[in-house]
Structure formats: structure tokens, C-alpha cells
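Please look over the sequence and the model shown here before reading on.

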Amino acid sequence: MLVNETFVKRFFPKVDPIGQHFGIDFPQYSGAWEIVGVFRDFKMNNPRSEIRPVYLRPLTQFFTGYKEPDMISGETESMFINSMVLSFKTPQSNADMLIRRTLADVDPNLTVEDLRTVDAQVAGNFDQERLVAQLSSLFGVLSLILASVGLYGVMSYFVARRTSEIGIRMALGATRGSVVSMIMRGVLWQVLIGLCLGIPAALYAGYLMKSLLYGVGSYDWTALAGAPLMLALCAAAAGFIPARRAASIDPMKALRTE
């Protein structure tokens, strides 16, 4: 039989596994099977599960040493093809039709219940992760929109409350650029406070979600750097409109607001 590396590490850790014997089912058959090769570990279904010891038995192999009727029945009746893996040297545009026609030529009674590519089978194992990623992206976009709208509202209220102050500053010689800089500094401070609270929260959330991630570290530094940059750009856009409005205030009208 062929066994995987985990099988060797668990049962034959300090000897050459080739030629060693092992058994299954009952102790009296402990030496029934001989190891003729070792293959690398791989995960067949669930990518989140631990790799287990695996042995592969040739389909045409028949063990005649069983004495129990149920074991003999299992040998004679259970050795059937459950699945097949087909590989083509070159891509086939009509692989589905070709496979079905070939199997029909072998035996017209063969029924193909499920025919999928390996890529589709692998992708199917990550449906949950893909759904979580899409939902997380959606919530992230909604949060960014809400943060931008909220910041725009706060800065608009800030400009409305300080209209007379801005008018006085401009009457005393403040330029439009200085007014815009003053408003944008307020935006920058709010963004910095939000980042000081949000980045540690994101790191902690990544630690908590580590078990839901596959093939991705709990700390994605690209995302941690890109998200604050995107937030800063959106905050700058949300704050620039009220800042520009404040810079266009007529000082005389501003002084008469109160």
C-alpha cells in the first residue's frame, strides 16, 4: 500500500517505512499489508482539518486472508469506483462530452452523477470563507460611507457654529487658504483620534477571527495600511467641502450672523 507522511511519522517514526507491514480491522491481521511507497501529505476535503494518517489501496487488490464472513463480504462487494480523477495533457473544450462518451463506451450502464473540475471542488471548500469575506467587505464599505457622511455633517455643523469667528479672522486679514487649513486641521485631528482607537480594535478583531481565516495571516499589513489611507482620503474629501464653504464666507455677512 501507499501511505502518507503523517502515517509514517505516527507509526514508523524511526525506521525506513518501505517494506514495513501493518494491519487494519483486527489484531490478527496486523501484518497483512506492506508499505511500498510514501506520498506527501494533502488535504482531501476540509482545508481547516488536521492532516490524518492515510493509506491508499489499489482497486484491483484482493485480500484472501479474512476468515470472518462480514469481512469477506466487504472484500468482494465494496471494492467499487466511487470517484475518478482525470488529467488531460492539453485543455479540452468539450471535456464533459468526451468523458461521458468514453465511460459509455466502457460500460453503457455507468452513470455519471457528478462531474466537476478540480478547481471547482477546491473552490467549493471555501464557500464559507468567501461569504465571510464578502460580508466583511460590504460592512467595511458601509462603515466608510457612514464615517464620511458623519464627518461631513460634523464639519458642516462646526463651520456653521464658527461662522462669526471665521468672518472676524477674514476681516483681520486671514486668507482663504488659512481658513481651509484651519478646518482641515480639525478634520485631521478627528481622523487621528479615530485611527488611534480603530487600529488596536482591528488588530484585536483579527486575532479573534484567526480561526475563520485560511491561508491569510491574522494581521494583513497591506489592509492595515490601506484602510487608514482610504479613510484619510474620504475624510479629506468630506471635510474639504465645508472648508471651502467656510473660506467663501463674506466677512460682513458673517459678522452680522449674531
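In this predicted model, buried residues account for 20% of the 258 residues in the chain. The radius of gyration is 34 Å, whereas a compact globule of 258 residues would have one near 18 Å. The accessible surface comes to about 18,700 Å², and carbon and sulfur atoms hold 62% of that surface. The table gathers some values for the chain as a whole.

| Property of the chain | Value |
|---|---|
| Box filled by the C-alpha atoms, along the principal axes | roughly 105 × 50 × 30 Å |
| Radius of gyration | 34 Å |
| Distance between the mean positions of the 24 positive and 22 negative charges | 20 Å |

Among the contacts between residues at least 6 apart in sequence, 63% join residues that are at least 24 apart.

Which residues touch the most other members of the largest nonpolar core? In this core of 17 residues, they are Ile166, Val179, Ile183, Val187 and Ala246. The elements that contribute two or more residues to the core are helix H5 (127–161), helix H6 (163–171), helix H7 (176–208) and helix H8 (221–247), and the largest share, seven residues, comes from H7. If neighbours within four places in sequence are left aside, alanine 246 is in contact with Val159, Ile166, Met170, Val179 and Ile183. Apart from this core lies another one, of 13 residues, which includes Phe7, Phe22, Ile24 and Trp33.

The last part of the report turns to a single residue. Phenylalanine 63 is placed in the loop between strand S5 (55–56) and helix H2 (69–77). Is phenylalanine 63 buried or exposed? Phenylalanine 63 counts as buried because its relative accessibility is 17%, and the word buried applies to values under 20%. Once its neighbours within four places in sequence are set aside, phenylalanine 63 is in contact with Tyr29, Ala32, Trp33, Arg57 and Glu75; of these, Trp33 is also among the residues of the core of 13 residues. Phenylalanine 63 and aspartate 96, by contrast, are 33 residues apart in sequence, and their C-alpha atoms are 35 Å apart in space.

Methods: Residues numbered from 1 in each chain as written. Predicted model: local features only at pLDDT ≥ 70, side-chain atom pairs only at ≥ 80, totals over all residues. Heavy atoms only, no water. Helix = DSSP H or I, 4+ residues; strand = E, 2+ residues; numbered from the N terminus. Buried < 20%, exposed > 50% of the residue type's maximum accessible area, 1.4 Å probe, protein only. Contact = heavy atoms within 4.5 Å. Rg over C-alpha atoms; globule rule 2.2 N^0.38 Å. Areas by Shrake-Rupley, 256 points an atom, 1.4 Å probe, with all protein chains shown as cover. Lys, Arg positive; Asp, Glu negative; His and termini not counted. Charge placed at Lys NZ, Arg CZ, Asp CG, Glu CD. Core = buried A, V, L, I, M, F, W, Y, C linked by side-chain atoms within 4.5 Å.
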